[in-house]
Amino acid sequence: MLEVKNLHVEIDGKKILDGLNLTVRDGEVAAIMGPNGSGKSTLSYVIAGRSDYEVTEGEVLLDGENILEIEPEERAAKGIFLAFQYPVEIPGVATMTFLKASLNAQRKARGDADLSTPDFMRLVRAAAASLEVNPDMMKRPLNVGFSGGEKKRMEILQMALLEPRLGLLDETDSGLDIDALRIVANGVNALRAANRGFLVITHYQRLLDYIKPDVVHIMSKGRIIKTGTAELALELEKNGYRDYVADAA
Amino acid sequence: MAAITFMKTPAESKLGEQFDALRALQPALPSTTRRAEAFERFAAKGLPHRRLAAWHYTDLRGLLRDAFAPAASPGAEQLAAASAYLQALPAPQGVRLVLVDGCFQPTMSSLDKLPAGVAVASLLDVLAEGSSFATDLLAAENLGSGEAMLALNAAFMQGGVVLTLAEGVRVAEPIDLFSFATARSPVALTTRSLVEVGAGASVMINERHVSLGNLASQGNHALVFALDEGAAVDHVARLDGFPATALHVGTVLARLGAQTRFNSFTLMDTPGVTRRQSFLEFAGPHSNATFRGVTLLDAKSHGDTTLVVTHTAPHCESREYYKTILDGESTGVYQGKVVVAPGAQKTDGKMLSKAIFLADGASMYNKPELEIFADDVVCGHGATVGNLDEDQLFYLRARGIPLKEAQSLLLNAFAADAIEGVATDAIRDELTGSVEQWLRKRQS
Ligand SMILES: Nc1ncnc2c1ncn2[C@@H]1O[C@H](COP(=O)(O)OP(=O)(O)OP(=O)(O)O)[C@@H](O)[C@H]1O
Ligand SMILES: [Mg+2]
């Protein structure tokens, strides 16, 4: 479903992605691991459509269509969902208001009618219950004053509501306690489906114990330098990046 | 008359002619003398212009190319138009007072609903009675003294109401004060109303200016508040339906006695040139005054908020909190001056103006000023101008919310915290609705 082809990305003239190639297939969970600063978040932002990156070469195809030319909201409507490494606080916008705006905007873009308020409430309540999110949080401004773990859960709650085609999870495990990690992982696993793919960015094997990847990619200096099975993550956990990063250099 | 020799622009000479014509019709009353004095004061300086610090960003001499004729008394058709507008509104919760083309309309006002202890009189009637106390109050020049548009207002005032609350009267429901511009040719409207709030009394005044004809108008309106000890006033000012050719100058004068509270909110979302100016004096200790506002500007609109708060008495607190959103080639002005007189120790005064640009062509001028002559005071001011936060916008868009809708969500939140200070739920909801409507318009 997702094909990243020879992607070159710069910011302020500095090369960050350097000819990256990557494929995520339908129904697949692909993990990306890699040292700090290797460009993992950049890749997820570029796929989601953040504008401050300059794509100098390459393509990002979603179901064969190059999405680099379309706006972030259009990509979202086509099913790209980015769970942010650092979810953004939006003071003054109630979480519930935001969820409704987002769900209805995507429905509208796909030609569906707005959800009725009761239907919407039912969906939100169900998602909140499965992720053990306190419904009172929905009244609070989005992400404002949420703990690190609460923010990450809210990201997954949004993903559950929006039912994307491709979920990009950028370090969703960071900041989660042991119980929350399990809850969030279960939330992701519940969404696994034949017509949905995931790209899970993480530093720790631990998450992959819960969300079993079909494939693991190692990223360094803006490229995928090795691709393997879940075993690869275990190996990394033991030996670190040294061997691979040295190979790449 | 002598003052004519000081006149410079065609508009200024026309104002002189208009005043002479008006004066010829007036009976010999104390107020007639006051008007003449006021006009002399105006004529000595002429229309305010950019070389005056207080009007630097709103050059009326340049903006007012022509002085429109004072509006004639409204005919049946004009009154019917205003009535129709009022009927389309939700039933008023409290008393409704109505001016049409500058003239007070007792029959359109719900005077029968006046609570005990509340009296309403027509400005012209009060002036005709000739009591020097009332005429002095109405022609009050000591607050905002030297203000040319206020002097012009005193000279030309066509009508208004005098609202009096007896000691201890607490009016629960807001009192609507409507001023309609209905004329079918460009006109000047000049109104002045007075709200005298007795000791311990309280009221909410809902000041609304409505333009029905979609025609150019020049409004010069003054609302004078006098608060006796322990009184409390809430005030909300709004303008509806004014076209881009309209000019509106609205002045609020407030004198606060001891232990009073004054809470004012202004929504400025008009496409023309609007200047809202307030002059407030703390005449007694332990009082609080809060001014808040939301200003929404687009295209070539010009919105000026100017405040002068004078702390004469000690132990008073003043707050100013303004939010401005600028699109197109609009111009926003915030001028806040806090003056602390030598005896006004323990003054606590703060001003904050925040502006957001939606377009490169817009301009915002922030000018907060402190003039402090006492040593034991806490005063501060802040002003920010900027764009919407890119990270927030991207986050919303990454969830599928289109750019303009995402901007609206953020702008709504930006405006909302100024509106929160409005005491009446229904009015707060209406204000929120007006902001949403403005945002929807730019979304489409
Ligand atoms: N807005 C920016 N301006 C300048 N440099 C940037 C910007 N965004 C990213 N970079 C740089 O690009 C490189 C890749 O950053 P990125 O956040 O993609 O790394 P990452 O792999 O996600 O790292 P981590 O594991 O620490 O999250 C880093 O060197 C970073 O400093
Ligand atoms: Mg990262």
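The structure is a predicted model, in which local features need pLDDT of at least 70 and side-chain atom pairs count only at pLDDT 80 or more, while totals for chains, interfaces and linings use all residues. Residues are numbered from 1 along each chain as its sequence is written, chains are lettered from A and ligands numbered from 1 in the order in which they are written, and side-chain values use heavy atoms, with hydrogens and water left out.

## Salt bridges within chain B

Arg34(B) and Glu37(B) form a salt bridge at 3.6 Å, N to O. The term denotes a side-chain nitrogen of Lys or Arg within 4 Å of a carboxyl oxygen of Asp or Glu. The two residues are three apart in helix α2 (residues 30–45) of chain B, so about one helical turn separates them. Helices (H or I, at least four residues) and strands (E, at least two) are DSSP runs, numbered from the N terminus.

A salt bridge also joins the side chains of Arg208(B) and Glu430(B), at 3.8 Å from N to O. Because Arg208(B) belongs to strand β7 (residues 202–211) of chain B and Glu430(B) to helix α10 (residues 425–443) of chain B, the pair ties together parts that are 222 residues apart in sequence. Both residues take part in a network of salt bridges that also includes Arg238(B) and Asp240(B).

## Where chain A meets chain B

Over all chains the count is 37 salt bridges, and between chain A and chain B it is four. One of these pairs Arg397(B) with Glu71(A), whose closest N and O atoms are 2.5 Å apart. Arg397(B) lies in helix α8 (residues 390–398) of chain B and Glu71(A) in the loop between β5 (65–66) and α2 of chain A, so this pair joins two chains. Arg397(B) also forms a salt bridge with Glu73(A), the closest N and O atoms being 2.7 Å apart.

The side of chain A that touches chain B draws two or more residues from each of α1, α2 (72–77), β6, α3 and α5 (148–162) of chain A. Of these elements, α3(A) gives the most, with six residues. In total, 31 residues of chain A are in contact with 16 residues of chain B, contact meaning heavy atoms within 4.5 Å. About 1,800 Å² is buried between the two chains, 66% of it on carbon and sulfur atoms; this is the accessible area (1.4 Å probe) that two parts lose on being put together, summed over both.

Ser41(A) is in helix α1 (residues 40–48) of chain A and Gln85(A) in the loop between β6 (80–83) and α3 (95–109) of chain A, so the pair ties together parts that are 44 residues apart in sequence.

| Residue | Relative accessible area | Class |
|---|---|---|
| Gln85(A) | 13% | buried |
| Arg397(B) | 13% | buried |
| Glu71(A) | 38% | partly exposed |
| Glu37(B) | 36% | partly exposed |
| Arg208(B) | 9% | buried |
| Glu430(B) | 32% | partly exposed |

Note on methods: Buried means under 20% relative accessible area, exposed over 50%, partly exposed in between (1.4 Å probe, protein chains only).
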